[in-house]
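Hi everyone, thanks for coming. I'd like to walk you through one chain today, so let's get it up on the screen.

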Amino acid sequence: MAGGAITAFKGKGLVDRKLLLPLIGTTIGSSFLAAWLILKVDSSLFQLIIGILLIALIPTLFIKKASLQPGARTGKWIFAGYAVYIIVSFVQAMFGAGLAVLLTLNLMMLFGLGALQANATKRVAQSVQAVLMFILLLLQGLVVIGHGIATFAGAFIGSHVGSKIAIKRGDGFVKIALAITMAVSGVALILTRG
């Protein structure tokens, strides 16, 4: 998904380059930890908690409070943003399934990025995680190549097309799309536990 989105965002100036290197570093660390722990953790309880959390956080996308709108943030907000990013990046590497929307939400609220800019920046950082997790899980014998190829093709095409639409429609559209994704992902995580 990240690869398809990156091709759509290329040349649009939406990626926050000053955040990119620290986010990629965090993503690499969380990927190694997740790949090591993935076989040791029962994911059912985490899925339930994360599903409920995704649904509960939907209203935050539409908060009109000035301090949570796009713009500059103080050092405390940025520090909190990195702390949240580390946690969510790790959880997303472990369980996937729509949790990357929490990274977008974090970049919007704590780093002060607009919805489109947060999505573009997250996609670049998460592309590193996708490649690294694929390699680490492949080495552990946890990847079914045929399913992976089909999933990759569908996700690449879908995210490329979706990102092109988001660029044309703007931040308001992205917020609505994120809300829908969070709702569907949350319900799916709750219903597919175990």
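Predicted model: local features only at pLDDT ≥ 70, side-chain atom pairs only at ≥ 80, totals over all residues.

**A first look at the chain**

Residues are numbered from 1 along each chain as its sequence is written, and side-chain values use heavy atoms, with hydrogens and water left out.

On confidence, the average pLDDT (the predictor's confidence in each residue, from 0 to 100) is 81 for the chain, and 89% of the residues score at least 70.

Of the 194 residues, 43% are buried. Buried is under 20% relative accessible area, exposed is over 50%, and partly exposed is in between, with a 1.4 Å probe and protein chains only. As for contacts, meaning heavy atoms within 4.5 Å, residues 24 or more positions apart account for 85% of those with a separation of 6 or more.

Now the inside. A nonpolar core is a set of buried Ala, Val, Leu, Ile, Met, Phe, Trp, Tyr and Cys residues joined through side-chain atoms within 4.5 Å. The largest one here has 44 residues, and Leu54, Leu61, Leu107 and Met182 touch the most other members. Helices H2, H3, H4, H5, H6 and H8 each supply at least two residues of this core, and H6 gives the most, with 10.

Let's zoom in on Leu107. Setting aside residues up to four places away in sequence, Leu107 touches Leu19, Leu23, Gly112, Leu113, Ala118, Thr121 and Lys122.

That last one, Lys122, sits in helix H6. Is Lys122 buried or exposed? Its relative accessible area is 3%, so Lys122 counts as buried. Its side chain makes a polar contact of 3.2 Å with that of Asn119. By polar contact I mean a pair of N or O atoms within 3.5 Å; within protein, one must be able to donate a hydrogen and the other to accept it, and residues adjacent in sequence count only if both atoms are side-chain atoms.

Thr104, over in helix H5, is buried too, at 0% relative accessible area. Beyond four places in sequence, its contacts include Asn119, Lys122 and Leu178.

Back in H6, there's also Phe134. Phe134 counts as partly exposed because its relative accessibility is 40%.

Last stop, H7, residues 145-169. This helix has 25 residues and reaches 35 Å between its end C-alpha atoms, close to the 36 Å expected, where the expected span is 1.5 Å times one less than the number of residues. Ala155, Ser159, Ser163 and Ala166 are buried in H7. In an α-helix there are 3.6 residues a turn, so residues three or four places apart point the same way. After H7 comes Gly170, with a positive phi near 90 degrees.

Methods: Helix = DSSP H or I, 4+ residues; strand = E, 2+ residues; numbered from the N terminus.
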